[in-house]
Amino acid sequence: MVASYFLSDPSVLLSDLVFGLLLGCVLAVVAHGLNMIWGVVKVVNIAHGEFIMLGAYGAYFLNLYWGIGPLASAVFDAAIGFLVGYAFYYVFLHRELRGKETVSLQSEMVTLVATFGLSLVISTLALIIFSGNVVGIDYDPGTLLLGPVSVPLGGLYVAVVSILIISGTYLFLERTFIGAAIRAYSQDVTATELIGANPAKVASLATALGFAITMAGGALLTVFISVGINPLMGTLYAPISFVIVVMGGPGKMWGSLAGGLTLGIVFDVLQAVATPQIAFATGFLLLIPVLILRPEGILK
Amino acid sequence: MKGRTPFTLYGLLAVMAALAAVASFSGVATTVLLVNLLVFAALAYSINFITGMTGYVSFGHVVFMAIGSYSLAVLVSTYSTSPFEGIALGALLGGLFALGIGAVTLRFRGVYFAIASLVLALAGYNLVLQFPQFGPGGELIFYIPFQPLTVFFAIWGIVVAEIVLTFFVNRGKVGLGIRAIKDEEDAAAAAGVNPMKLKLYVYMLSGLFAGAAGAVFAWSTFGVNASSAFDLTFSLQMLAMILIGGMGTSTGPLLGASIVYLLYYELLTYPRLQGGQFLVVGAAVIVIALFVPDGIVGIIRRKYPSLKPVIE
């Protein structure tokens, strides 16, 4: 079965590969917000998937009531996410992180468990308010034919936006003063004060940015995967994001893309040669050898 | 610590004896309620061994429960054995899987362990769907006589064993080493504690009892299916129980399990509040994690220090 797939028409193979790469870019932007928060504030938001879900619903309702396309909705989602991120920082993280040099095991446990509780609260509320029905956005920009290879345009748009967002955050962190303060915070909290920035302001800004990207990611997701918006979709995209961030290395902006592309191709190729179950199981289990062999992520 | 009269242990065993008496002399409805309560308690004690004692958050703990559930379901439905053999196999496989998984994942600190455990649960779910031996859609159903009292004493025995073990692990040298790991793992290692060995030991206990509890759960529901066996909200409930009761203590899990279970049971009976129990438990977890991370036992410990010998 495997051999026959690889011996089949090369244009099928190429189309699949293109699809995998586009999927990888989408997954990368979905995970990128988590990467930002994890890398800078050193806290993992277990409710990450629920904010992706809220972003997707944001795009759905903006489309339903005002006919706004999902790409434009991403901007609205980002604005809301930015505010939500600030609230999240001050409710969930500030008390644990304030005045501390490093995140203790106790604080790590507290934030993990508290955000796990948050994920349950948000998904239950979403089930009550949105109902369990799966919805989708009627948006299909069509397909681009490059010779025998077909490229879904929705995926291509998101891939471009995804790479723009990732390179944007990279440049922001590398080239601006606030970016330098955020990088300082991620390496040494005291260093943030030494360069004249307030650690709490820096950490909350990084969290807010992370949430803005996460919720925008939820909207962008619907461009490529236009069906399947439902209150429990977070239970799929959160673990995918965890794997991507660990693979890329938390805090490395290009890591999201490296992890996303790896996972996208693994999912896509294994779905073609085996079953979706095998593809998901393998994709998730990839995390274990990465943690053993390269705990700092696959990027140098 | 040594030589002190173990009031806590006596107290807990007295509570368990009282539960056994109630189950023996009351109607089927009460017995079924107590079975469900003790399945919750068994799971709470099980996750308490790893997360409560060491602070390593096991999000994927539901994996060991699922291993136990499938052990019993496969043995009873396919090989027509007695459910007790299913429980024994569930415990054995739960313990062995914990040893195997722990040997790798317990090397990862903090969040990495938590995420590795989560990812393993998702991979397990997908793999079960892949094998026809676990039934179509991972569902196995079996038809055996309804014996609530037998099921009750099976889970009762498991919980009693957990209480006794928790108490002695906490009191003994192992507990001392484990508390050192929870405070500062590197310092513990420098002081001559072997963190890996101790963590693996409690993780194995944890997997063993979750396997046994999962087997009884399958027995009490006459079957298993993949989406509920690997339901991550079970993991959250387990965490909620020990968090509310008091992490790492021997009274906390029973206390927390009773509260969470009764909350579920009471709220579930009102149809209009369907789903509301998740909101209440989720919100309780957030508030307790952020404001009173040592739970009810911790509050009692601080407010009434004289009660210490009775609650710890």
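**Briefing: helix faces, core and helix packing**

In this predicted model, the buried residues of helix α1 of chain B are B:Thr8, B:Leu12 and B:Ala23. Viewed down the axis of α1(B), these buried residues fall within an arc of 45°, so they line one face of the helix. The largest nonpolar core has 212 residues, and α2(A) packs against α6(A) at an angle of about 35°.

**Helix α1 of chain B**
- Helix α1(B) covers residues 7-25, a run of 19 residues.
- From its first C-alpha to its last, α1(B) reaches 27 Å, close to the 27 Å expected at 1.5 Å a residue.
- The other side of α1(B) carries the exposed residues B:Tyr10, B:Ala14, B:Ala17, B:Ala18, B:Ala21, B:Ser24 and B:Phe25.

**Largest nonpolar core**
- Within the core of 212 residues, B:Ile155 and B:Val216 have the most contacts.
- Helix α2 of chain A (residues 10-41) supplies the largest share of this core, 17 residues.
- Not counting residues up to four places away in sequence, B:Ile155 touches B:Val35, B:Leu38, B:Val39, B:Ala42 and B:Val216.

**Packing of α2(A) with α6(A)**
- The axes of α2(A) and helix α6 of chain A (residues 153-175) lie 8 Å apart.
- The crossing of α2(A) past α6(A) is left-handed.
- On the α2(A) side, the contact is made by A:Leu22, A:Cys25, A:Val26, A:Ala28, A:Val29, A:His32 and A:Met36.
- On the α6(A) side, the contributing residues are A:Gly155, A:Leu156, A:Val158, A:Ala159, A:Ser162, A:Ile163, A:Ile165, A:Ile166 and A:Thr169.

Conventions
Residues are numbered from 1 along each chain as its sequence is written. Chains are lettered from A and ligands numbered from 1 in the order in which they are written. This is a predicted model: local features need pLDDT of at least 70, side-chain atom pairs count only at pLDDT 80 or more; totals for chains, interfaces and linings use all residues. Helices (H or I, at least four residues) and strands (E, at least two) are DSSP runs, numbered from the N terminus. The expected span of a helix is 1.5 Å times one less than its number of residues. A residue is buried if 20 or more other C-beta atoms lie within 10 Å of its own, exposed if 12 or fewer, and partly exposed in between; C-beta atoms are placed from the backbone. The arc is that of the directions from the helix axis to the C-beta atoms. A nonpolar core is a set of buried Ala, Val, Leu, Ile, Met, Phe, Trp, Tyr and Cys residues joined through C-beta atoms within 7 Å. Two residues are in contact if their C-beta atoms, placed from the backbone, lie within 7 Å. Axes are lines fitted to C-alpha atoms, for helices over the stretch in contact, and angles run from 0 to 180 degrees between N-to-C directions. A crossing is left-handed if the near helix is turned anticlockwise from the far one by less than a right angle, and right-handed if clockwise.
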